[in-house]
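User: Hello! I would like a close look at one part of this model, with helix packing as the theme. Please link it to its surroundings as you go.

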Amino acid sequence: MSGAGKTLILIAHTARLPDLVKLVRKRRAVFADYRLLATLETGAAIEAETGLEVTSLFSGRRGGEIQLCGLICTNSIRAVYFLRDLETNRLDEPDITPFYRACDLNNVPLATNMVSAVALTHWLGRRLESGRAGRVESDAGEGVLPC
């Protein structure tokens, strides 16, 4: 699945990775509708836990977040998830600062914590939900009551 607006970037600091994986697993249908890009560590964890295909670039330690950040400027990224761990200051964790600038300059939504990640996922999945609602309405018109 390629094309403008059909790609999501998924990154998480080590301590936040289980939260991101849980969100993707819980809302798998939403994420399955997009091409997923991630750093090596994040991508491997999401693939292993959800079965979704994730294109992984370099690891965070080798500049994978820099590769991903550059893609935001290509107008092919729909949204960015970059879950941060503010309690642990590790030098080998990816830096989010360039993502703020790239996302702001290119009007790309950026989720940095679980509340914003859940809200962003809901926003991305609104088409799927409206599609289901449309089916219920059309079914209701044929004498089938919605559940």
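Analyst: Helices here are DSSP runs of H or I with at least four residues, strands are runs of E with at least two, and both are numbered from the N terminus. On that basis the protein chain has seven helices and five strands, in the order β-α-α-β-α-β-α-β-α-β-α-α from the N terminus on. Please keep in mind that this is a predicted model, in which local features need pLDDT of at least 70 and side-chain atom pairs count only at pLDDT 80 or more, while totals for chains, interfaces and linings use all residues. Residues are numbered from 1 along each chain as its sequence is written, and side-chain values use heavy atoms, leaving out hydrogens and water.

Now to the helix pair. Two packed helices are described by the angle between their axes and the distance between the axes. Helix α1 (residues 17–26) packs with helix α3 (residues 40–50) at about 40°, and their axes lie 10 Å apart. The axes are lines fitted to C-alpha atoms over the stretch in contact, with angles from 0 to 180 degrees between N-to-C directions. That angle makes α1 oblique to α3; under 35 degrees would be roughly parallel, over 145 roughly antiparallel and 65 to 115 roughly perpendicular, with the rest oblique. Their crossing is right-handed, meaning that the near helix is turned clockwise from the far one by less than a right angle.

Which residues meet? From α1 come Leu 17, Leu 20, Val 21, Val 24 and Arg 25, and from α3 Glu 41, Thr 42, Ala 45, Ile 46, Glu 49 and Thr 50, where contact means heavy atoms within 4.5 Å. By class, six are nonpolar, two polar and three charged. Nonpolar covers Ala, Val, Leu, Ile, Met, Phe, Trp, Tyr, Cys and Pro; charged covers Asp, Glu, Lys and Arg; the others, Gly among them, are polar.

Ala 48 is also found in α3, and it is exposed, at 66% relative accessible area. The cut-offs are under 20% for buried and over 50% for exposed, with partly exposed in between (1.4 Å probe, protein chains only). Between Ala 48 and Val 21 there are 9.5 Å, C-alpha to C-alpha, at 27 residues apart in sequence.

Four bridges join β1 in parallel to β2 (residues 35–38), with Leu 10 partnered by Ala 38. Strands pair if DSSP finds at least two bridges between them. Six bridges join β1, again in parallel, to β4 (residues 77–83), where Ala 79 stands opposite Leu 8.
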